[in-house]
Amino acid sequence: MDMRETRRQAIDEVELMLANARLRDELEPYRDESIESSINRMSLQAENEYLASMLAWERAPALPISDWFSPPLHLLPPDALGDSQLAHRLKKTIQKLYSMNIVLRCTDHLCDRELYTIIYRDILPCCEKKVDVPGKALEWMCVEDTETWLRYYASPVERRRYQEEYDCELPPSETPKHRRKLPGN
């Protein structure tokens with residue numbers, strides 16, 4: 001290793017420490033013991049990324065998801081659309097949600113109208129923190145009950161663990177009827 005490379009590494013390390021100190025100062029009003037327990041095992045670079053994401057979370061506004069869009073995203077009520085119109089609008093809406101890093105999970109048990117209704121009724125009016133952290137998404141699980149999750153989405157290991165923990169009969173495992181390829185999945 002030559003002298004220039006060693007010097008550059010030292011400068012990089014100092015820059016990381018200065019950034020770390022700035023992030024810790026900015027996070028001070030939000031601090032609790034969970035920060036310290038999480039970062040003790042991280043490199044300085046990873047710690048800085050973690051602290052920056054926490055700061056972004058703390059400062060992010062909580063808004064209805066519909067207001068994350070400009071103009072705000074408003075949908076027609078599900079019963080105002082025919083099946084073909086609804087399917088087309090559903091596809092466009094899913095793409096718009098994904099453009100704001102909102103990923104829908106566990107949708108294959110729902111028909112298009114049911115999924116559109118969940119977006120219309122549950123997702124768009126829901127207040128969530130809008131955090132713009134690269135590589136991070138808001139994941140929306142479209143399963144409303146444990147039985148549906150066990151039936152369609154739980155792995156054999158998850159099903160076995162659930163059965164052992166709750167000592168109960170499980171619903172039969174089934175393949176969902178409406179297989180979808182959604183962005184982010």
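This is a predicted model: local features need pLDDT of at least 70, side-chain atom pairs count only at pLDDT 80 or more; totals for chains, interfaces and linings use all residues.
Reader: Within what arc do the buried residues of helix 4 fall, seen down its axis?

Author: Leu86, Leu90, Thr93, Ile94 and Leu97 are the buried residues of helix 4. Viewed down the helix axis they line one face, because the arc within which they fall is 105°.

Reader: Which exposed residues does the face of helix 4 turned away from its buried side carry?

Author: The buried side of helix 4 is covered by elements that include strand 2 and helix 5. The face turned away from that side carries, as exposed residues, Ser84, His88, Lys91 and Ser99.

Reader: Which element gives the most residues to the largest nonpolar core?

Author: The largest nonpolar core has 22 residues, and Ile65, Leu97, Leu104, Leu115 and Ile119 have the most contacts inside it. Two or more residues of this core come from each of helix 4 (83-99), strand 2 (102-105) and helix 5 (112-123). The element that gives the most, with five residues, is helix 5.

Reader: Beyond its neighbours within four places in sequence, what is Leu104 in contact with?

Author: Leu104 is among the residues with the most contacts inside the largest nonpolar core. Leaving aside neighbours within four places in sequence, its contacts are Ile94, Leu97, Leu115, Ile119, Ile123, Trp140, Cys142, Leu182 and Asn185.

Key
Residues are numbered from 1 along each chain as its sequence is written. Side-chain values use heavy atoms; hydrogens and water are left out. A nonpolar core is a set of buried Ala, Val, Leu, Ile, Met, Phe, Trp, Tyr and Cys residues joined through side-chain atoms within 4.5 Å. Buried means under 20% relative accessible area, exposed over 50%, partly exposed in between (1.4 Å probe, protein chains only). Helices (H or I, at least four residues) and strands (E, at least two) are DSSP runs, numbered from the N terminus. Contact means heavy atoms within 4.5 Å. The arc is that of the directions from the helix axis to the C-beta atoms.
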